[in-house]
Amino acid sequence: MKLRIAASLTAFTLLVSGAATAAETSVSVAPEVLTQAKERFESQFDGIVVDEVSATPFDGILELRLGKDVLYTNSSVDFILQGSLVDVASRTDLTAQRLEQLNRVDFSSLPLDKAIKTVKGDGSRQLVVFEDPNCIYCKRLHQSFAEIDNLTVYSLLYPILSPDSKSKSEHVLCAEDPAAAWSAWMVDNKTPTVKTCDNPIDELLQLGLSLGVQGTPALFFEDGSRANGWLPPEQLEQRLQNAAKK
């Protein structure tokens, strides 16, 4: 069988538009069909392991999960599509929803004890942020924090952007008052005093890699959802409210 690679997302969207329009539930597919699709894919792509095959809301279309990546195919693996699966009726990007689900984390599993803790108001809402001291958008995020109340921010230092990011992070973590030193640098651009000590930076770098953090800032909310990049105050407030509801 010659594998046909789907080259056009537009064509696939037309296929979807002719399928079932209810995206809330998946089409029933026999377990043996899912197993066969997994075996066929792995035989076609030697060395690539499929973690999970599942049904989609659309008849004849299966989801292949490879780690945190999502592909689509049919039961006989005649084509592979990498792109967004869109429910045309509701204009819902099902792939984006699925990736958000796959990227969720258990908030309680994050090492809050290794973070720089900043509390505003009653601190009732919590947020974990991977930050680099040389990250311009991290500094802009601190400007957003200034307009948000009742918030506890746990900053996990994640020095990946510049050669001196790691040394600056160490100087902050080793300061007598890390929270004050971090705020002074991120808000007032006051260089931290040179100081060294045992610190969790290498551990935090490994953690970030395991979570797929490829840039800063990376935000993790209490409901396990995440956001990449700077958020203006109104968007940050909305995300915090959404996380609290869930």
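## The model and its overall make-up

The structure is a predicted model, in which local features need pLDDT of at least 70 and side-chain atom pairs count only at pLDDT 80 or more, while totals for chains, interfaces and linings use all residues. Residues are numbered from 1 along each chain as its sequence is written, and side-chain values use heavy atoms, with hydrogens and water left out.

Let's start with the inventory: the chain holds eight helices and twelve strands. Helices (H or I, at least four residues) and strands (E, at least two) are DSSP runs, numbered from the N terminus. Of the 246 residues in the chain, 43% are buried; buried stands for under 20% relative accessible area, exposed for over 50%, and partly exposed for the range in between, with a 1.4 Å probe and protein chains only. Among contacts (heavy atoms within 4.5 Å) with a separation of 6 or more, 66% are between residues 24 or more positions apart.

## The three-stranded sheet

The strands β2, β3 and β4 form an open sheet in the order β2-β3-β4, with antiparallel pairing. Two strands count as paired if DSSP finds at least two bridges between them. The edges are β2 and β4, each of which pairs on one side only. On average, neighbouring strands here are turned by 30° against each other, direction ignored. Axes are lines fitted to C-alpha atoms, for helices over the stretch in contact, and angles run from 0 to 180 degrees between N-to-C directions.

Four bridges tie β2 to β3. Along this pair, Val 53 stands opposite Leu 64, and Ser 54 has Glu 63 as its bridge partner. The hairpin of β2 and β3 has six residues between the strands, and Gly 60 takes a positive phi near 90° there. The β3-β4 hairpin has two residues between its strands, and Gly 67 in the turn has a positive phi of about 65°.

In a regular strand the side chains alternate between the two faces of the sheet. In β3, Leu 62, Leu 64 and Leu 66 point one way and Glu 63 and Arg 65 the other way, and all are buried.

## Helices on this sheet

Helix α2 (residues 31-44) has 14 residues and reaches 20 Å from its first C-alpha to its last, close to the 20 Å expected at 1.5 Å a residue; the expected span is 1.5 Å times one less than the number of residues. Its buried residues are Leu 34, Ala 37 and Phe 41. Seen down the axis of α2, they fall within an arc of 60°, so they line one face of the helix; the arc is that of the directions from the helix axis to the C-beta atoms. On the other side of α2, Pro 31 and Ser 43 are exposed.

The buried residues of α2 pack against β2 (52-55), β3 (62-66), β4 (69-73) and β5 (79-80). Helix α3 (residues 94-102) also lies across β2, β3 and β4, running at about 140° to β4.

A second open sheet has five strands in the order β8-β10-β9-β11-β12, and its pairing is mixed. Its edge strands are β8 (116-120) and β12 (226-228), each pairing on one side only. Neighbouring strands of this sheet are turned by 20° against each other on average, direction ignored. Helix α6 packs on the sheet, touching β8, β9 and β10, and its direction makes about 80° with that of β8. Strand β11 (residues 218-221) runs antiparallel to β12, joined by three bridges; Phe 220 has Arg 226 as its bridge partner in β12.

In helix α7 (residues 201-210), Ile 201, Leu 204, Leu 205, Leu 207 and Gly 208 are buried. They cover an arc of only 160° around the axis, which puts them on the same side of α7. These buried residues pack against β9 (125-131), β10 (151-157) and α5 (165-173). The face turned away from them carries the exposed residues Gln 206, Leu 209 and Ser 210. After α7 comes Gly 212, with a positive phi near 75°.

## A helix crossing

The axes of helix α4 (residues 136-145) and helix α6 (residues 178-188) come within 9 Å and cross at roughly 100°. That makes α4 roughly perpendicular to α6, on a scale where angles under 35 degrees count as roughly parallel, over 145 as roughly antiparallel, 65 to 115 as roughly perpendicular and the rest as oblique. Cys 138, Lys 139 and His 142 of α4 make the contact with Trp 182, Trp 185, Met 186 and Val 187 of α6.
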